[in-house]
Amino acid sequence: MPLPKAELHLHIEGTLEPELAFALAARNGVSLPYADTDALREAYRFQDLQSFLNLYYELMAVLRTERDFADLADAYLARAAAQGVRHAEIFFDPQAHTARGVPMETVVRGLGRALGGSVQNHGVSTRLILCFLRDRPAESALRTLEEAKPFLDRITGVGLDSAEVGHPPAVFREVYETAAALGLRRVAHAGEEGPPEYITEALDVLGVERVDHGLRCVEDPALVDRLVRARIPLTLCPLSNVRLRTVDRLADHPLPAMLDAGLLCTVNSDDPAYFGGYAGDNFDAVRDELGLGEDHLRTLARNSFLASFLDDDEELRTRYLAEVEAYEFP
Ligand code: HPA
Ligand code: ZN
């Protein structure tokens, strides 16, 4: 039995495995510029975030119907459950779909179909987080939030993703203020490729409660101190960092030093179909490559539930935390 954990940094579009991409392409009459799944996998060699994003957005062309989004999410939930994920807070990128003519309603209803049955079918509780694409104008984010208003009963929070450098958080001040007024929780990608200042700005200007990646905080000791004191969780994604060359090798990843510094670190998969592994694979990788022992792994699992938005269901959080403490490593 795998260590129970929550996944807090997971783009549902990044769980599109090549086999499913081809199946959906056939179902929807979409042609992909790859001969087969092997040829597609060959394209999974990334130089940086942008080179990944180009393929990530390209493959989304196969996602067209409610059923497609439901199938995508259901396949993810099955894989996640098999790796010990008990709770998942799932990002989606509506602008990447509405821009292709796929309505918000199709996306949210489709994902909602899978998430609605997730506890029963997979034993995984879920939350949905709507991400704004930071390389599109702030007005587009505001329109997207407006389009999401009929579905806010299914959406826990908002996030900010896509190409980071040159797109600082402060551009999205107004949409985050509006989201907060609507009672939505707030997270943002910051400090993945962007500088530590973007992390500070996400906290100060956007009021985020949790930072996605946040890796580059290690360059600013005063910021580390602030994150430790305020107990701001970081959703780290070690295999993603290697594939997008944010770190050279996993053995160089600062996770152990970050834990030692007292940061509230969590380990997540980001875009598992593209980066070589799901949540449990990331845990296994940091165990094997960074020498993290049982105490550290249990801390990471505990942190994942502490950092989750289960505040609205403390009973469930308490139950999950008890599972972590009772877990016996094989
Ligand atoms: N970073 C930024 N945007 C993204 C990512 C990521 O790792 N994955 C999907 N959108
Ligand atoms: Zn991400």
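R245 counts as exposed, with a relative accessibility of 56% (buried: under 20% relative accessible area; exposed: over 50%; partly exposed: in between; 1.4 Å probe, protein chains only). This is a predicted model, in which local features need pLDDT of at least 70 and side-chain atom pairs count only at pLDDT 80 or more, while totals for chains, interfaces and linings use all residues. Residues are numbered from 1 along each chain as written, chains are lettered from A and ligands numbered from 1 in written order, and side-chain values use heavy atoms, without hydrogens and water.

**Positive phi angles**

- R245 is a residue other than glycine with a positive phi, near 60°.
- This residue, R245, sits in the loop between helix 12 (238–243) and helix 13 (255–260) (helices, H or I of at least four residues, and strands, E of at least two, are DSSP runs numbered from the N terminus).
- H213, likewise not a glycine, has a positive phi of about 70°.
- H213 belongs to strand 6 (residues 210–213) and is buried at 1% relative accessibility.

- H9, in strand 1 (residues 5–11), and D270, in the loop between strand 8 (264–267) and helix 14 (272–275), link distant parts of the chain, being 261 residues apart.
- H9 is buried at 0% relative accessibility, and D270 is buried with a relative accessible area of 2%.

**Nonpolar cores**

- The largest nonpolar core comprises 108 residues (a core is a set of buried Ala, Val, Leu, Ile, Met, Phe, Trp, Tyr and Cys residues joined through side-chain atoms within 4.5 Å).
- Y76, F92, Y176, L255 and Y274 have the most contacts inside this core.
- A second, separate core of five residues includes F91, C131, V187 and F309.
- Leaving aside residues up to four places away in sequence, Y76 touches E7, L10, I12, T15, V85, A88, I90 and Y278 (contact: heavy atoms within 4.5 Å).

**Surroundings of A170**

- A170 lies in the loop between strand 4 (157–161) and helix 9 (173–181) and is partly exposed, at a relative accessible area of 31%.
- Beyond residues up to four places away in sequence, A170 touches E201 and V205.
- From A170 to L203 the separation is 33 residues in sequence and 10.0 Å in space, C-alpha to C-alpha.

**Cavity and pocket linings**

- The largest cavity is lined by 16 residues, with H11, L49, L53, H189 and D271 closest to its centre (on a 1 Å grid over the protein atoms alone, a cavity is a set of points where a 1.4 Å probe fits but cannot get out; a pocket is an open set with protein on both sides within 12 Å along at least five of seven lines; lining residues have an atom within 4 Å of a point).
- Helix 3 (residues 49–59) contributes the largest share of that cavity lining, five residues.
- Among the 16 residues lining the largest pocket, L3, D284, R287, Y327 and F329 lie nearest its centre.
- Helix 15 (279–290) and helix 16 (294–306) each supply at least two residues of the pocket lining, and helix 15 gives the most, with five residues.
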